[in-house]
Amino acid sequence: MSLIKSILSLALIVGFTMAFVSCNEDEDLLPVVATTINDLNADYAPYESPLPNDRPPLRIGATNKFTLFSFKTGAIVPNADSTSSNWDIGFRSTTIIVNSGTSGPGTTTAQILNGTLTTIIEAPFDGYKSDDKAGTTPAERNAIPAGSGNGWYTYTGSTNLVAPIAGKIIVVKTGDNRYAKLEILSYYEGAPASPSPEPAGADKDRYYTFRYVYQPNDTRIF
Amino acid sequence: MLIFAPVKIVTSLITCITSLLTLLSMPCFAQVSPVESDTLATRQLEALIVTATRNERTMGALPMPVSLISKNQIRTMGSLRLNDILTEQTGLVVVPQVNAQGNGIQIQGFNPDYTLILIDGEPIIGRYTGSLELSRIAVGNIKQIEIVKGPSSSLYGSDALAGVINIITDRPQGTRGNAAIRYGTNNTLDVNGDIGFTKKKLGVYLYGNRYHTDGYDLSPQNFGNTVSPFTNYTLNSKITYKFSPVTDLSVAGRFFNEDQVFRFEVESNGSRIRTAGNGNTQDWNFNPVLTHRFTDKLKAIARFYSTHYKTETYLDLETDGSRYYEDDFRQSFTRPELNAEYYFNEKNILTLGGGYINEQVQTSRYGDEEQRSQETSYAFFQHEWLPMEKLSVIAGGRYDYNTIYGGQFSPKLSSRFELNNKVTFKVSGGVGFKAPDFRQLYFNFNNSAAGGYSVLGTEVAIDRLAELDVAGQIQAYLFDPAQLGNLQAERSLSINAGATVEILPLLKMDLNVFHNSINNLIETQAVAITTSGQSIYSYRNILRAFTQGLESNFSYPITRHLNLSLGYQLLYAKDKDVSEDVKAGEVYWRDPNTLVTKRLKPNEYFGLYNRSRHMSNVKLFYNHQPTGWEGSLRVIYRGQYGIGDIRGNIQGEVIPPSDTNSNSILDVYDDFVPGYALVNLSVAKTIKHSFRFQLGVDNLFDYTEPVLIPNLPGRLYYASVSYSFSKKNVQP
């Protein structure tokens, strides 16, 4: 019995020590927090009224401009700065761009991984793409592929619904070699549990709710 | 030219088979009576099934899962249309078609397109949207319905993956006649009559039916009906002539006409437009069959079958009467076939056959009204080997050669072993296939009624896309068009294994375990987006799936007049790629309320849409001939299932897809259509063997799901009267 007891206590001591050591290692880094951005407007515009019978309806007053976002500041960057390196990622309708290649003057790159914000704890060393990759389909042109089922969302024709695919994490490598991981949670204002999109329903689209973790330190661990 | 080619092939096939069979019949051994008469003599009470082997065999002797629905059972149930009967059988589900309307049949988890439906061994055509509308078939002249589960492409070719349903119609027998009228809920009036007589060598049988219903409306708050009113007529005839004791001719014909009056509110880009219109469907067929017994050992059957199907629909705007939508579809199927059965001895029976099929389709949906055709030539063999009394083996195969998708070989091997007089084992394995249909090859269809998308068949897609590209109408390609084309047949590899056990005297249990592995499934592929934002789809062989499960049936005669039966099916039907992704931990789900994302565990993936894990039925049938009373109580349960993205809608109602947690698959955290049980009752009394009165109610507790299950009407009462006479003594 006493032998088992001593083995158990030894195991406990070893376990505590290891936990303590790893805590110490973490303290070398600035704390990393998860932030949720609610209802980022990505060029919402109402449908024309009355709706036409012979063609898809127009969106009245759409600016056709991207809403730009910086992970460093955790805030929206005015569209006037679109030609600067101040922003990392941009949203317009279902299209998401990063600041590189055909989208901007920066060197931001990104890739989509399968996982959750809690299971992906290290950004990959490579595999990042910029927005200038030539390709035959829109899915191949941007770092974050466009089109239903290709990137971060699926589109259902019968319900006119855009649903962010569960388990798609966008990992971004910013121009100053910092990393961020991002999960899109909703495409509708107020992130309703079962959205009923306009024009048939009342929920406004092009409103992003997303959760992200930005690592301000020089490490791929987050 | 088109006419000569088939004739040539058939002639050569006939020559080939006859010479082979003549060779076989040369060595004449001692006279042994053919197997049919032998089995008839010894087991007169047991039902004969023709579908499983193409020859009459006693049901219990067959090594594959078969079931039979008798005329008496159909009458007691008070059924009118084929879907009424099939929906009450274990493992069979009547499911709506693409636009959530209509009635197709699901067997062992396969979509309706994968079950072959035959009348007297000949296929019914008109798979307009893939599945057959079962309500086209009136049941008044049905002698029995035979259902063979598992692939039967080895005998029947394309479409027989899930199984074969063969409707055997009445033949002239003695002098008899019947007239019946039934009236019920929804102003449903069914009038039918049949008359038959035999005079020396000639037999004549005629059947006629008129069916009308006002349809029903599950969502009265919306414009139009859930099912619009329709009226149809069915005429059937069968004439038999016995040229000699060894030569029989049978000529059968069918004519069907249905008119439906539509009032629809169609949704176009968010706004609703009221329309009114008509739909007409017609089919007819002609089927002479010549049977000749060359010797006691050799029987040959020459069959010819030609059938035509036509449907036309139009919708006019209610505001100004201008044409809003128009659609037509014509199909024909012609098949000469020759097959022969050679009885070597009581241990070996060989069946050989071959034929040629010409199929033609003409529809507005192909962009032009040009006729498209495909031709198939085929040959099949089947050997029944009974090495000992307790063991039988059936091996067979069929080769189909088609002008478009090439050659297909479909083998099948079945075996039955009688352990003792209480336990019998059966096992069968085989390959089934389904040819790409005309739609998948030639569609050139722009659906302006449902939001404006286009579907292009693989044979026309590349050219049509190039035309659009030159005209500057393509905004972007979503898929490389060069990778389209050359659709292959969908194929399944299946195994069925089971046992029949007599647990107690008279208490019988049937058990069957099945696994179907299906590859090359054809699915729509988004190919491009036009400059006006509309999607263009085509087809590819992309999906792989499997279905597996267990079916069991118990039957117990409580008294001589009262029979209790129980049926149950357990089913797992899954996409193979999704299953592998889930196992690899690559599929997640997000709680729509908390927005927390989690990894999906393998046991949390439910499977394909529209498949219930559990199904069961309990039935009591009562039949007391001395007093003429009969009755039935049937409870049919269908377990919960999911629904996918259904294009189009009924009465403007959007059917909410089951997937609510952002992974595009059906998992246990999604919304399901709840399971439900239907209770059906009927009672009938026959007076003086000729007058019969019946009262019944289907769906006694009035269960409905207006949006989710539009093909389930509420409670239906009915009453019927019939008069019949017969003079069996005139029988030859």
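Strand β1 of chain A pairs with strand β11 of chain A, which covers residues 207-215. The two run in the antiparallel sense, and six bridges join them. One facing pair can be picked out here: A:Leu40 stands opposite A:Tyr208 in β11(A). The model is predicted.

Now step back to the sheet around this pair. Five strands of chain A form an open sheet. Their order is β1-β11-β10-β9-β6, with antiparallel pairing. Which strands lie at the edges? They are β1, residues 34-41, and β6, residues 109-114, both of chain A. Each of these edge strands pairs on one side only. From one strand to the next, the twist averages 30 degrees.

Turn next to chain B and its surface. A nonpolar patch is found there. Its members are B:Ile181, B:Val191, B:Ile195, B:Leu206, B:Ile687, B:Phe691, B:Phe693, B:Val721, B:Tyr723 and B:Phe725. Together they have about 820 Å² of accessible area.

Take B:Ile195 as one member of the patch. This residue sits in strand β11 of chain B. Why does B:Ile195 count as partly exposed? Its relative accessibility is 44%. Partly exposed covers the range between buried, under 20%, and exposed, over 50%, so B:Ile195 at 44% belongs there. Patch residues need over 30% relative accessible area, and B:Ile195 has 44%.

Note on methods. Residues are numbered from 1 along each chain as its sequence is written. Chains are lettered from A and ligands numbered from 1 in the order in which they are written. This is a predicted model: local features need pLDDT of at least 70, side-chain atom pairs count only at pLDDT 80 or more; totals for chains, interfaces and linings use all residues. Side-chain values use heavy atoms; hydrogens and water are left out. Two strands pair if DSSP finds at least two bridges between them. Helices (H or I, at least four residues) and strands (E, at least two) are DSSP runs, numbered from the N terminus. Axes are lines fitted to C-alpha atoms, for helices over the stretch in contact, and angles run from 0 to 180 degrees between N-to-C directions. Patches are made of residues with over 30% relative accessible area and no salt bridge: like charges are joined within 9 Å, nonpolar side chains (Val, Leu, Ile, Met, Phe, Trp, Tyr) within 5 Å. Accessible areas come from the Shrake-Rupley method with a 1.4 Å probe; for residues, only the protein chains shown count as cover. A salt bridge is a side-chain nitrogen of Lys or Arg within 4 Å of a carboxyl oxygen of Asp or Glu. Buried means under 20% relative accessible area, exposed over 50%, partly exposed in between (1.4 Å probe, protein chains only).
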